[in-house]
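This report describes a protein model in terms of its interface, its domains and its surface. The structure is shown first, and the computed description follows.

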Amino acid sequence: MATLNKQAQKKIWAFFALGTFVGLLLMPLFLSLPVGASGGAPAPAASTAPPAAQPADAKPVEKSRDIWYKTEGPVIGAPAPKTTDGPKDYPRYNFESRVLLWVANQQHLYYGSFVLAVPIFCMVVEYLGIITKDKALARKYDQLAYDFVKISLTAYSLTAILGGILVFTYLTLYPTFFGYLASIFRPVMHTYALLFVAESGTLYIYYYGWDKMREGFLKWVHVSMSVILNVIGTVLMMLANSWIAFMQSPAGVDADGRYLGNIWHVIHTTLWNPINVHRILGNMAFGGGVVAAYAAYRFLTAKTDEERAHYDWMGYVAMFIGVCFLIPLPFAGYWLMREVYAYRQQMGITLMGGLLAWLFIIQAVMIGALFLTTNYYLWQGLERMRGAERYQKYIKYMVFVLITCFIVWLTPHTMVMTPAELKAMGGQQHPVLGNYGVMSAKNGAINTIITTTVLSFIMYQRGNKVPTVKWAPLGDAFLFGLFTMAYVNIIWLAVYGYYIPANVRVGLSVPQVATTLSCLFIGVTLNSIMMKGAKELGPTVWGQISVRSQYALIMLATAFTWMMGLMGYIRSSVRLFWHVNEIMRDNSPWAFTHTIGFAANMISFNVLFFWMTILFVFWLGSLGVKKAPAAASVGQKVPVPAGSH
Amino acid sequence: MDVIKQMLTGKLVEGYMPMQMLFELGSFALLFIGAFYFLGKNGIKVNKLAQATGLFVFSILYFTYRIYPPIPFSVRAIYATMTLIGIFMWVSSTEESWKDFRKPIIAVADANTAITKMIRTVVVVLLPFLVGFMGYNSMKPNVDEPIELRTVHPAPPASTKVHGKTFVLQTASSPYRVDDAGKYSDTIQKTHIDGNPWDEKAPPYLQYVREGGQIFFQNCHFCHGDNLNGRGMFAFAFNPIPANFTDPGTIAQLQETFVFWRVSKGGIGLPREGFPWASVMPPWEQHLTVDEIWKVILFEYWHTGYYPRTWD
């Protein structure tokens, strides 16, 4: 009884501590936002005494109309400055300032994404460790989560350093523009800074408290802290997103760019939420990719079978988490583009059909590469399971489906051709391939690719297992029917899309996506249930996988990184010659859009630079490792997500 | 049935070609798989490298000679690369198949027999020549016209001024896309898609379509063709040839106001982004009234059966 009391006391104290902790961490957020929302953050031009303190005969407050929300509000800020090319607005080195800013921004973004993604990753893995009944496996998960927080700790300081570099670059090279942005976002920027402190504090306690909070209830407190860490991280990211969303689709200001006192309008612009969702998913896919590449690198350099087994497993887990977030990513992207079109038709056309359309073709290549690589890795994974050979004969059919869809997916709307080819073809539009160049075909292709990826995963889940549940034949028949119907439905809707108005066609993406997601959720869940207690034909031998699979993981990560760089560039350059779209014009000599070749080289440079520095981070992480990772001997059963093994 | 018959006789059937191509590719893939399976069953095991080479050569031939009109090289290069990737994924999907694929390559590299030795010698001698030829080829001065990356649909302005009136492209709508009561209707085209515009009792919408058709045949069909497919009698005098409205990538992709802007301003009014402004379309605002422009656009959509892009 006395012990129980002691335990109960401990629990109360732990709850109390956690509550205080959360309260303190979130205090800056609560304190700052109402201040801003009530218009208490006047811009410099209007930083006189608050209205209440003004004499009664003071000039009436000037009102103006919100450019997006169309609401009226008091003019608080100064109009957007009209810059001129010169040292006042655009001081510079003997170099293109925009390129310097590009590198600083991109590197900060890569690290920012990584340190936001890895804690989510850790949270999932640590939680898996807690709920896993097998103690050895639980320790393995726990160790994995710990290893990654350790890596993210170094990456975290790099993120902060890069953030500093970014701000200095803005202040020194684009002072007028940054001044304007800061005048509007002042409360948000302060909140951001304070949240950064909160994030750091939580991360340090999370990391250094790992051993102290190892057992029992304290472990739950520890994993709860990872939730808090991720909430803060996500809010941080959303605040930073509000700045770029404002630059792209401003709100909360009038047509002259004068702040109208409602900070929520400034934050909550029309593209803010689509960007938020897209970035959260993208960060996770990217984080999974980087971790998987790390594991692949360690696998390739491993000296022992134990090491190989461990890093094979780690690569698989990371890839799995990354791909889980990759699958909804195209849908989030679709939503973002839809909102862009709804915001400004010109912007949408510049992106998808005009000036930047060629970059979207490159993006299509990267997306296709991601899915192909994922499938390839899963097929290679069959090699580590004895008894999975029976599924390998289906690979060639899946390759065919994927490549055919990829061909449709990649066919450009506007083809590159010599004038002679143009004449031979008889015009810009090809009667066969022209049909592959439009959205209806693309939607069909990408949904088929994703559905096939799900099928590959189900095949992988089954690998060395034979279901023993009584209803297995029925389940198999259902799965067969589900996927057949899905393929028929997706392709039929893609064809039907040519015969209906555009707004209906856009709406057709919903049933297509629903079909794909049904296959994902219903198919995988049903299969997992069928595989419970299934008979194993042979063991899963971690580490016995081809080196090609590991190169596939590295390629996956590189493709993620490259694509992030590319899409970031596209999103940013769609503003064309505006700092803030239609509000503040870019009058620097660099307001033109770069050539595709230059942009591609810059993206590649950024990717290379990131991978070089992240290798350094990994190397730092490995310095602290005193012993070999927890042994997962060859042939030993180790856990994987989705309860497949 | 007729369509299937035509397909089976090897004809590319207009309107069905995109799906026909995919279907043909699938059939050939199955044929390949079946043939190698059959040979294997009869004791003739075809090496994976040979299979892969055969498949690759076949795909090149298919994309070059089967599809008509000919596909530009840039697209064929994309297709060939994709096929190569697919072939690599297939041959390396299992360890056994990968070994089989590498076997002849390794045998040539090791050169343990007289034949492999000879092949290796030939390869070693030819390789530098091949690289040299490629180098020469890429450095050789080229007299062909350069490739132009043309932006077919440049981003439109927010608004356009025609005959002194400003039209906001995001919000403007055709005054003739109207139902019988004279109200703007998204669905009126669908209702009358099979209607007869020459019927004297035709509803207002169809009458406008008829008027638009008359304007089209007085002004536009010389270039855009009487089937609206961009193959008018003057079409091939121009480079690029006029837009093909029956293609799903032209007016079907655009808002009616976008088309209104392009018709009004013509090639000369292309924005900066529309490099290299290679369009000879006249600015029709100099020849047609605002109403006539809207009517001719109405006719183009009705005749092709496409619907202008609209937003919810």
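## Interface of chain A and chain B

One salt bridge is found by the rule across the interface of chain A and chain B, a salt bridge being a side-chain nitrogen of Lys or Arg within 4 Å of a carboxyl oxygen of Asp or Glu. Arg548(A) and Glu95(B) form a salt bridge in which the closest N and O atoms are 3.3 Å apart.

The contact (heavy atoms within 4.5 Å) takes 69 residues from chain A and 73 residues from chain B. About 6100 Å² is buried between the two chains, and carbon and sulfur atoms give 66% of this area. In chain A, the residues that lose the most area to chain B are Gln345(A), Gln429(A) and Arg548(A), together 10% of what that side buries. Buried area is the accessible area (1.4 Å probe) that two parts lose on being put together, summed over both.

## Basis of the model

The model is predicted: local features need pLDDT of at least 70 and side-chain atom pairs count only at pLDDT 80 or more, while totals for chains, interfaces and linings use all residues. Residues are numbered from 1 along each chain as its sequence is written, chains are lettered from A and ligands numbered from 1 in the order in which they are written, and side-chain values use heavy atoms, with hydrogens and water left out.

## Domains of chain B

Chain B is assigned domain 1 (2-127) and domain 2 (159-304), with bounds from an automatic or database domain assignment. The C-alpha centres of these two domains of chain B lie 46 Å apart.
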